Amino acid sequence: MKPSFVQKLQSGKPLLGTLVSLPTPEIAEILSSVGFDWLFIDMEHSTLSPLDVQRQLQAIRGDCHGLVRVAENNPVCLKQALDVGADGLIIPSVNTADEARQAVAGAKYPPVGTRSVGIGRAHGYGSRFAEYVREANAHTAVIIQIEHIRAVENLDAILAVEGIDGVFIGPYDLSGSLNRLGEVGHSDVQNAIQTIKKGCRQHGIPAGIFTLQPESVKTELESGTQFVAVGTDASFLWKSGQVLVDTFRAS
Ligand code: 3PY
């Protein structure tokens, strides 16, 4: 059996991912086949339904893991993503310790949390029910997003919440919360990012980040950001399409 995403995070290995936003399962099949360690399947900013997400998860090949960013920190969104077989959750906009506790509770079965019991793809449609329920709490990655200056102000209290497997930094929303929307290189945004990374190091929690720039991935991974999501499926398409059109028009 492949190690869980939680085990991979705990191993300290750098993990490269990318964001999936388009509803066709061939996307997850292609991206997992080329060797990404994980896919960030995004329900917050896409049209993906729970069924689309299930199809993407079913299409993943090899050692790759499928993490689902739910639309919001709401127990229904969390359990639907887990029941269709997500290896972990990315929970957006966690700004307080209470919100972090709510995220962990929604992701974990009792007695740790309040996740309710369904029988879905995650449980082998019932065939692996007992095994899944026994192991889910330990092997389901709970990754909270820190992406607002309010969360940075509450960082220590948030990171002290039991059950957080990782923190994923959202530089773009963070920039908006600092009145620097889109200026992710601005010193205010970069200082906030450094504060988050330092807090994660102090609490022994792996940090991840999103970037649109392939050239910054190596620096991020080498400087201790353990998991990076670079680009999106749609951005790969438009970028390579644009290069082809520009090359053709220039010739
Ligand atoms: C952000 O940059 O705000 C994100 O959430 C990226 O996914």
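## Ground rules

Residues are numbered from 1 along each chain as its sequence is written, and side-chain values use heavy atoms, with hydrogens and water left out. Because the model is predicted, local features need pLDDT of at least 70 and side-chain atom pairs count only at pLDDT 80 or more, while totals for chains, interfaces and linings use all residues.

## The overall build

Let's start with the big picture. The protein has 12 helices and 8 strands; these are DSSP runs numbered from the N terminus, with helices (H or I) of at least four residues and strands (E) of at least two. The radius of gyration is 18 Å, close to the 18 Å that the globule rule gives for 251 residues, so the protein is as compact as a globular protein of that length. That radius is taken over C-alpha atoms, and the rule is 2.2 Å times the number of residues to the power 0.38.

Of the 251 residues, 50% count as buried (buried is under 20% relative accessible area, exposed is over 50%, and partly exposed is in between, with a 1.4 Å probe and protein chains only). The accessible surface comes to about 11,700 Å², and carbon and sulfur atoms own 56% of it; the areas come from the Shrake-Rupley method with a 1.4 Å probe, and for residues only the protein chains shown count as cover. Take the contacts (heavy atoms within 4.5 Å) with a separation of 6 or more: 61% of them are between residues 24 or more positions apart.

As for charge, there are 21 positive and 27 negative side chains, and the centres of the two sets lie 4 Å apart. Here Lys and Arg count as positive and Asp and Glu as negative, with His and the chain ends not counted. Each charge is placed at NZ of Lys, CZ of Arg, CG of Asp or CD of Glu.

## The nonpolar cores

A nonpolar core is a set of buried Ala, Val, Leu, Ile, Met, Phe, Trp, Tyr and Cys residues joined through side-chain atoms within 4.5 Å. The largest one has 58 residues, and Leu39, Ile146, Val167 and Ile196 touch the most other members. Leaving aside neighbours within four places in sequence, Ile196 is in contact with Ile146, Val152, Leu155, Val167, Ile169 and Leu174. There is also a second, separate core of 15 residues, with Leu15, Trp38, Phe40 and Ala229 among them.

Helix H3 spans residues 50-59, and its buried residues are Asp52, Val53, Gln54, Gln56, Leu57 and Ala59. They pack against strand S1 (15-20), helix H2 (26-33), strand S2 (38-42) and strand S3 (65-69).

Helix H5 covers residues 97-107, with Ala97, Ala100, Ala103, Val104, Gly106 and Ala107 buried. Their cover includes helix H4 (75-83), strand S4 (88-91), helix H6 (129-139), strand S5 (141-146) and helix H8 (155-159).

Most residues other than glycine have a negative phi, and most peptide bonds are trans. Ser93, in the loop between S4 and H5, has a positive phi of about 50° although it is not a glycine. Ser93 is partly exposed, at 35% relative accessibility. Asn179 also has a positive phi, near 60°. Asn179 sits in the loop between helix H9 (171-177) and helix H10 (187-203) and is exposed, with a relative accessible area of 71%.

Then there is a cis peptide bond between Pro110 and Pro111, with omega about 10°. Pro111 is in the loop between H5 and H6.

## Asp83 and two glycines

Gly120 is also in the loop between H5 and H6, and counts as buried at 12% relative accessibility. Not counting residues up to four places away in sequence, Gly120 touches Asp83, Tyr125 and Gly126. Asp83 belongs to helix H4 and is buried, with a relative accessible area of 17%. With that same exclusion, the residues Asp83 touches are Tyr109, Arg115, Gly118, Gly120, Arg121, Ala122 and His123.

Gly12 is in the loop between helix H1 (5-11) and S1, and is partly exposed at 45% relative accessible area. Gly12 and Gly224 are 212 residues apart in sequence, with 9.2 Å between their C-alpha atoms.
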